[in-house]
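Biologist: Please take me through one part of this model in detail. I would like to follow its charged side chains and the open space beside them.

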Amino acid sequence: MDPTHLQTLYALSRKGLKQLGQSDLTEEVEKLLSFLPKKNGWLTSAPLYQFQNFWYPAIQLQALLNIQRNFQALDTDLVVITNPKCGTTWLKALSFAIVNRFRFHFDNPTSKQNHPLHKNNPHILVPYLEYFYMIDQNPDLTCLSFSTTRLFSTHIPHAMLPDSIKDSKCKLIYLCRDPKDTFVSFWHFSNKLRPKNTEDTSFEDAFEKFCEGVVDFGPFWDNVLGYWKMSLESPERVCFLKYEDMKKEPKIHLLKLAEFLGVPFSVEEENDGVPEEILKLCSFDNLSNLEVNKTGKIAGIGFSVYFRRGEVGDHVNHLTPEMIEHFDEITEQKFLDSGLKF
Ligand code: PAP
């Protein structure tokens, strides 16, 4: 991979992450915020604002408006989309490895050892589109063009996607996860991100906020439903995946993903065990034990925060039976008649 592209991607993530803690907003956004419903956030100390039914920190809202106005999708783009904490890091790694497997081969030991995922966190290789647009109203995206498929990610809800993405033929992969495990993952993540001198949100308070929908890019359920519906209407555009299914049958889902992306595994690749190599490279055990992910940091945030347990069902260790029941009731009600179940 071209080192200048990598340097640009690192610089972008550094600036984007620093920006998350600031309120460097345009006058237009400042004015808009003064009219929007506002609640205390709990992922970071930044408040959340409700804009057209979804909740965002101010800087993310600014990025969203810039994206809606200025982002130009290409038909060859691939967008990795999630609610936060649904397995974004894993999906970024898998997508990168699938799409770029003809450049970084798995049948050649030197190429295998030098795979970019050994030295770079997946969030660097597949950056958030929001990071570009927090910094600049109309940024230069050339650093994404190191391969014919531009690969980036977002947490933007479906209803808020720019027309440019909706109207293009670019492909979207959406990964969702059981909201109970997502909430628990969010909670642990927020404890690691929140600056030491800020007041803690209690677990119960965070639970209530999540259930009310007050969480970055939430309500969780509405974010999921938007992409679920799009995947039913346009299955050739949206591949809708569940974290739990991927954990249970990773190879089946990897093959499905490659097929969807128009780069199915050949018989030779399958015979050579390439799908297994990709799964091993992107596995929780492998990624979380790489030096870059154990000790690497960017803008003061260690990459290790993206790796906790990586399991299904961890919520039973944190939620009371009443909380679980409440969560399940909301899920049932929200997904009623949608055909979507957890
Ligand atoms: P993000 O949306 O902020 O990027 P994301 O990657 O979705 O975060 O969330 C991290 C979750 O994915 C963690 O879940 P946990 O808290 O329940 O443990 C993390 O452990 C899990 N995760 C990270 N990498 C992998 C992986 N390679 N395979 C499976 N799960 C993973």
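Modeller: A salt bridge here is a side-chain nitrogen of Lys or Arg within 4 Å of a carboxyl oxygen of Asp or Glu. Lys 180 and Asp 328 form one, at 2.8 Å from N to O. The two residues are 148 apart in the chain, Lys 180 in helix H10 and Asp 328 in helix H19. Helices are DSSP runs of H or I, at least four residues long, numbered from the N terminus.

The model is predicted: local features need pLDDT of at least 70 and side-chain atom pairs 80 or more, while totals for chains, interfaces and linings use all residues. Numbering runs from 1 along each chain as its sequence is written, and side-chain values use heavy atoms, without hydrogens or water.

Lys 180 counts as buried because its relative accessibility is 8%. Asp 328, at 33%, is partly exposed. The cut-offs are under 20% for buried and over 50% for exposed, with partly exposed in between (1.4 Å probe, protein chains only).

Now Asp 181. It sits in H10, which spans residues 179-193. Asp 181 is buried but makes no salt bridge. Arg 177 is the nearest side chain of opposite charge, 4.7 Å away. Lys and Arg count as positive, Asp and Glu as negative; His and chain ends are not counted. Leaving out residues up to four places away in sequence, Asp 181 touches Glu 244, Glu 311, Val 312, Gly 313, Asp 314 and His 315 (heavy atoms within 4.5 Å).

Next, the open space. The second largest pocket has a volume of about 230 Å³. Fourteen residues line this pocket, and Thr 331, Glu 332, Leu 340, Lys 341 and Phe 342 are the closest to its centre. H10 and H19 (321-335) are the elements that each give two or more lining residues. H19 has the largest share, four residues. A pocket is an open set of points on a 1 Å grid, with protein on both sides within 12 Å along at least five of seven lines; lining residues have an atom within 4 Å of a point. The lining holds five nonpolar, three polar and six charged residues.

Note on methods. 1 Å grid on protein atoms, 1.4 Å probe; cavity = no way out; pocket = protein on both sides within 12 Å on 5 of 7 lines; lining within 4 Å. Points joined across faces, edges and corners; volume = space filled by probe spheres on them. Nonpolar A, V, L, I, M, F, W, Y, C, P; charged D, E, K, R; others polar.
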